[in-house]
Amino acid sequence: MDTPYTFMRDKDREFPPMVIVDFTNVCNLRCVHCAHPVIKKEAGYKPAFMKKELFKKIVDETAGRDILLMRIASDGESLLHPDFFEMMHMAKDAGVAPVNLTTNGMLLTPETSRRLVDCGLDIVDVSIDAHSKDIYEQIRRGGNYDTVVANTLGLVRARNEAGSSMRIFVSIIRQPLNAHQIDDFRAFWEPKVDFVLVRNLCDEVGLVDIKPVESVAVPEVRWPCPQFWKRITITHSGDVRYCVEDWRNITVIGNVERQSIAEIWQGETYRRLRERQLKGDYQGMALCEECKDWATAPWDFGYDRIVRETTRPK
């Protein structure tokens, strides 16, 4: 593999190239491949939303940085946040770019789509995960296939009518229920959107009990996890965790209300963790020791590359 196990750019040593921001731990679906339905039943779970003041601090620290992406995603459906659009305007008015929303698409009404275009959002990534109503509703429980397809096509129309440069992605997670639909999913969506993502299944650090499709091979030799060099994940409460799949906040190593993003990213804790990843020393390292999902995070093809390729001027 040509890509070295290090920062993509020298400037990435100072500040994370990808800033993942979790607006909420509330979701309107119960997807079979997602840990949220499990976490929601656990003692101590409380619905919560990121405070606007906290997001402004994140924006202020990120504005002016040459990042690859601010991604609004993670533990819930961000469009449920009551101040979502005000917060999006904070980011875009400050010049943060590109900004990406990952959504399940159920709330992409015509009005919402128009407002997403108007606020200058750079990328919308709609998780669909099927190419038929019956399979969709087995996977994305609580959702409606016809609604999501219509909403996504409506977003495309709103973008086109406005002459916006917004990029629109759709994604499908390869799993036993939908593996036979991957080609049809691609054929349907590729002429309509800017990119179709086919993701491999994660077990969400053991919280989801779905076996991967047999054709997805796991390499024999483990490589260091790119997350330590490519991205930082900030929860709705401002906690920084080194694993994006850490639903229980076991990997928290700081909080952006008390520290700056740069301080955490450049700090001694991250430095030691990166050294251990390079040495293959995972013993006692929270989540990493038992991780089965490292193989779904290749260094030479990640979300960062997709964003770079699709956001180039047409």
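**Entry 1: α6 and α3 on the sheet**

I started with α6, which lies across β5 and β7 and runs at about 155° to β7. The model is a predicted one, and I read it as such. Next I looked up α3. This helix lies across β3 and β4, at about 155° to β4.

**Entry 2: the sheet as a whole**

I then traced the strand order. The sheet is open and has nine strands, ordered β8-β7-β5-β4-β3-β1-β9-β10-β11, with mixed pairing. Its edge strands are β8 (195-200) and β11 (252-255), each of which pairs on one side only. From one strand to the next, the twist averages 25°.

Strand β1 (residues 18-21) and strand β3 (residues 69-72) run parallel and are joined by four bridges. Within this pair, Val-19 stands opposite Met-70 of β3.

**Entry 3: β5 and its two partners**

How much of β5 is covered? I found five of its five residues buried. Ile-123, Asp-125 and Ser-127 point one way from the strand, while Val-124 and Val-126 point the other way. I noted that Asp-125 and Ser-127 are buried along with the rest.

I followed the pairing on each side. β4 and β5 run parallel, joined by four bridges. Asn-100 is the residue opposite Ile-123 of β5. The chain gets from β4 to β5 through α4, and this β-α-β crossover is right-handed. Towards β7 (residues 167-174), β5 again pairs in the parallel sense, over five bridges. There, Ile-123 has Arg-167 of β7 as its bridge partner.

**Entry 4: the buried side of α4**

I went back to the crossover helix. Which residues of α4 (residues 110-118) are buried? I list Thr-112, Ser-113, Leu-116 and Val-117. They lie on the same side of α4, because they cover an arc of only 135° around the axis. I then asked what these buried residues pack against. The answer is α3 (84-93), β4 (99-103), β5 (123-127) and α6 (145-162). After the helix comes Gly-120, with a positive phi near 85°.

**Entry 5: the nonpolar cores**

I turned to the nonpolar residues. In soluble globular proteins, nonpolar side chains tend to be buried together. Here the largest nonpolar core has 83 residues. Phe-55, Ile-58, Ile-72 and Leu-116 have the most contacts inside this core. The largest share, six residues, comes from α6.

**Entry 6: Thr-233**

Last, I picked a residue in strand β9 (residues 231-234), namely Thr-233. Is Thr-233 buried or exposed? It counts as buried, because its relative accessibility is 1%, against a cut-off of under 20%. Beyond neighbours within four places in sequence, Thr-233 is in contact with Ile-20, Ser-74, Asp-239, Val-240, Arg-241 and Val-244. Among these I note Ile-20, whose number falls within β1 (residues 18-21).

Notes
Residues numbered from 1 in each chain as written. Predicted model: local features only at pLDDT ≥ 70, side-chain atom pairs only at ≥ 80, totals over all residues. Heavy atoms only, no water. Buried < 20%, exposed > 50% of the residue type's maximum accessible area, 1.4 Å probe, protein only. Helix = DSSP H or I, 4+ residues; strand = E, 2+ residues; numbered from the N terminus. Arc of directions from axis to C-beta. Contact = heavy atoms within 4.5 Å. Pairing = 2+ DSSP bridges. Right-handed = clockwise from strand over helix to strand, strands pointing away. Axes fitted to C-alpha atoms, helices over the stretch in contact; angles between N-to-C directions. Core = buried A, V, L, I, M, F, W, Y, C linked by side-chain atoms within 4.5 Å.
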